[in-house]
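Trainee: I am new to this structure and would like to get to know it. Could we walk through it together?

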Amino acid sequence: MTLVITKLCAGYGRARVLHGVTVPEVPSGAFVGVIGPNASGKSTLFKSIAGLVTPMNGQVLLDGEDVTHLRRRDRARRIAYMPQAFGCNALLTVFESVLLALKQTTGWRVKSDNLDRVSDTLKALDLSHLASRGIGDLSGGQTQMVAVAQTIVRSPQVILLDEPTSALDLHHQLSIMSSIRNEMDRKKPVVMAALHDLNLAAKFCDRLILLREGEILADGKPEDILALSEIGETYRVITHLEQTSRGNLYVDARLP
């Protein structure tokens, strides 16, 4: 399975946010980090791929099929989107909320394998101990981790994560990103994540796309993208790409 985005233009009303965004072939099992400052178009890109925003022009191709013309439910079976703002009935337990997310694409009759899939997903994300807790009783970080579980439990072909680590402490940032990486290794979806932490992006992503004002400035390997002068110019900081003693990339940044 491959994802290709061609000349995608999208926005809200008459306001255009994306200006002819083209993303060459992304194969199964790839982890693509979408980086860029606030209001650069990351969320609009994800909503356009997921079908929540109707593109003005362009195509979103899965294995050559333009999914922009599919019904929303049909597209939701293939593409899962986790927004920045997570909403769920506070009366549901964690297990029930993840099961509900799964049933939205499989029909409402609950089967034993559905329950097993929810249990396996919670275990993979180290959330089993929260299974019987109410959503309304969780911390912001725990709620965000449940949102990730709701997204990956469906085993879609494409997973879109809009700032999946924004409310998490350092331990849980690494835990969630590692779990997403493990999920990719097992099931080989395409994963695209909007990330503000460039060092997390460097650590976990295979490829980075730099967005600014609705256009792609650069697309390539993390070590190539993070070394570009456009990184500092885009974020209005001075950056320097270093390599740690363990061989990991590290972006040092300071104000001008």
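Trainee: Leaving aside its neighbours within four places in sequence, which residues is Ile180 in contact with?

Mentor: Good place to start, and keep in mind that this is a predicted model. Contact here asks for heavy atoms within 4.5 Å. With neighbours within four places in sequence left aside, the residues that Ile180 touches are Phe31, Val148, Leu161 and Val191.

Trainee: Which residues touch the most other members of the largest nonpolar core?

Mentor: As a general background, nonpolar side chains tend to be buried together in soluble globular proteins. The largest nonpolar core here has 46 residues. Helix α5 gives the most to this core, with six residues. The members that touch the most others are Phe31, Ile35, Leu122, Ile180, Leu226 and Ile231.

Trainee: How many residues does the second, separate core have?

Mentor: Ile5, Leu8, Ala10 and Val60 are included in that second core. Its total comes to 28 residues.

Trainee: How far apart are the end C-alpha atoms of helix α5, and why does that agree with its number of residues?

Mentor: Helix α5 covers residues 140–152, which makes 13 residues. At 1.5 Å a residue, the helix should span 18 Å. The computed distance agrees with this, because the end C-alpha atoms are 19 Å apart.

Trainee: How many of the 13 residues of α5 are buried, and what do they pack against?

Mentor: α5 is mostly covered, with eleven of its 13 residues buried. Among them are Gly141, Met145, Val148 and Ile152. The buried residues of α5 pack against β6 (79–82), α3 (94–103), α4 (112–124), β7 (158–162) and α6 (170–187).

Trainee: Is Cys9 buried or exposed, and what about Cys205?

Mentor: The cut-off for buried is under 20% relative accessible area. Cys205 has 7%, so Cys205 counts as buried.

Trainee: How many disulfides does the count come to?

Mentor: A disulfide is a covalent bond between the sulfur atoms of two cysteines. The rule used asks for a pair of cysteine sulfur atoms within 2.5 Å. By this rule, the count is zero.

Trainee: Which residue in β2 is the bridge partner of Ala10?

Mentor: Strand β1 (residues 2–12) and strand β2 (residues 15–27) pair in the antiparallel sense over seven bridges. They form a hairpin with two residues between them, and Gly13 in the turn has a positive phi of about 65 degrees. Across this pairing, the bridge partner of Ala10 is Leu18.

Definitions and conventions:
Residues are numbered from 1 along each chain as its sequence is written. This is a predicted model: local features need pLDDT of at least 70, side-chain atom pairs count only at pLDDT 80 or more; totals for chains, interfaces and linings use all residues. Side-chain values use heavy atoms; hydrogens and water are left out. Helices (H or I, at least four residues) and strands (E, at least two) are DSSP runs, numbered from the N terminus. The expected span of a helix is 1.5 Å times one less than its number of residues. Buried means under 20% relative accessible area, exposed over 50%, partly exposed in between (1.4 Å probe, protein chains only). A nonpolar core is a set of buried Ala, Val, Leu, Ile, Met, Phe, Trp, Tyr and Cys residues joined through side-chain atoms within 4.5 Å. Two strands pair if DSSP finds at least two bridges between them.
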